[in-house]
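Dear colleague,

Please find below the sequence and the structure that I am handing over to you. My notes on the model follow directly after it.

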Amino acid sequence: MTLWQNYLRPKTLAEAMIALSSAPAPVAPIAGGTDLLVDLEQGRHAPVQTLLDLSDVDELLRLEIRQDEFFIGAGVPVNRIVLDPLARQHAQALVEACNLIGGPQVRNVATLGGNVAHALPAADGTIALLALDVEAEIAGPFASAAVLRGASRAKRAGGGESPAGISINSRRVPFKDLFLGPGKSAVKHGEELLVGFYAHLITAGQASCFQRIMRPQGVALPIINVAMWLKLEGDTIRDIRIAVGPGAGIPFRAASAEKALRGQAFTPAAYERAVEALLAETQFRSSARRASADYRRHLVEALFKDTLEAAWERASKL
């Protein structure tokens, strides 16, 4: 069975966007392919006309400091994030989440952008990025259709680099705005590509943490996961962000629990108020493959406390 007719492997983001706009449709972007190829083979994804391999696009493979932000390319394999010193310094929650995605072989090829693009409400990398309050960079349609057709013809004719004057039309959006529902991304299919994510740099008194509970069988899927970022001033939680998966139909920030802890010392009373707020605002769902909603409600209190204590301890040392 032929799952695609054309295979393209651009080297730059400009070439990728030209291909996305001009290649025979439907076009499916692929990087690690750990989900897409399986879905194609098992019939969960309609056959595609063009497979657009982004694994060599330099702009999507960068991990670097850009002024006062840490940039994480959407095409970076998650195991590279696990091993990266800058990621460990500025995005520890993401490192811990990436280290739990699939098995070692999967982590060597699966990408962070793919984890996010699936728009699942409990995806480990996605939950960590939500707590880190990142912004996403999205490349969208650019130039006129005539220019794109000319660029595509020139490339096919051996013209080398893309024509001068073509620039990427990119925008940055808050991470939470990427999600419309379970498995539904706001990134326009066939028109836009995820480029990467911008995280804040960690400074004194700040830290993050990710933890999850999973079934110890095969490639263990998360029953529930929690990611936190917090900022301490003395013994006071000056600011905090909490993400829980799956807490709703889209990746979920626990705003009421954050409010209960913000400006408070980490006391038993403050913790109890935060847990009550968390249970009141989360909408746990049952999954035949993972756990019931009631079981998740039972587990979340201990996981919430463990994650908060770990983030607190880290922030206290910085």
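The side chains of Glu192 and Arg171 are joined by a polar contact of 2.8 Å. A polar contact here is a pair of N or O atoms within 3.5 Å; within protein, one must be able to donate a hydrogen and the other to accept it, and residues adjacent in sequence count only if both atoms are side-chain atoms.

Before going further, please note that this is a predicted model, in which local features need pLDDT of at least 70 and side-chain atom pairs count only at pLDDT 80 or more, while totals for chains, interfaces and linings use all residues. Residues are numbered from 1 along each chain as its sequence is written, and side-chain values use heavy atoms, with hydrogens and water left out.

Glu192 belongs to the loop between strand E9 (184–185) and E10; helices (H or I, at least four residues) and strands (E, at least two) are DSSP runs, numbered from the N terminus. Glu192 counts as buried because its relative accessibility is 8%, where buried means under 20% relative accessible area, exposed over 50% and partly exposed in between (1.4 Å probe, protein chains only). A polar atom of the Glu192 side chain also lies 2.9 Å from the backbone nitrogen of Lys188. Beyond its neighbours within four places in sequence, Glu192 has contacts (heavy atoms within 4.5 Å) that include Leu20, Ile138, Pro141 and Arg171.

Asp124, in helix H8, is likewise buried, with a relative accessible area of 5%. Its side chain and that of Arg212 are joined by a polar contact of 2.4 Å. Leaving aside neighbours within four places in sequence, the residues in contact with Asp124 include Ala97, Asn115, Phe210 and Asn225.

**Cores and helix H1**

The largest nonpolar core has 40 residues; such a core is a set of buried Ala, Val, Leu, Ile, Met, Phe, Trp, Tyr and Cys residues joined through side-chain atoms within 4.5 Å. Ile81, Leu94, Phe175, Leu178, Leu194 and Phe197 have the most contacts inside this core. Among the elements that each supply at least two of its residues are strand E5 (69–73), helix H3 (78–83), helix H8 (124–131) and strand E10 (193–200). Apart from it lies another core, of 36 residues, with Ala207, Leu232, Ala257 and Ala293 among them.

Helix H1 (residues 13–22) is largely enclosed by the rest of the structure, because 8 of its 10 residues are buried. The buried residues of H1 include Leu13, Met17 and Leu20.

**Aromatic rings**

The structure holds 5 aromatic pairs. Rings of Phe, Tyr and Trp (its six-membered ring) pair if their centres lie within 6.5 Å; planes under 30 degrees apart count as stacked, over 60 as edge-to-face and the rest as tilted. Phe71 and Tyr198 form a tilted pair, 5.0 Å centre to centre with 55 degrees between the planes. This pair links distant parts of the chain, with Phe71 in strand E5 and Tyr198 in strand E10, 127 residues apart. Both Phe71 and Tyr198 are buried. Ring pairs also link Phe175, Phe179 and Phe197 into a cluster.

**Confidence**

The mean pLDDT of the protein chain is 89, and 90% of its residues reach 70 or more; pLDDT is the predictor's confidence in each residue, from 0 to 100. Over residues 157–164 the pLDDT is below 50, and this stretch has 8 contacts in the model beyond near neighbours in sequence.

With kind regards
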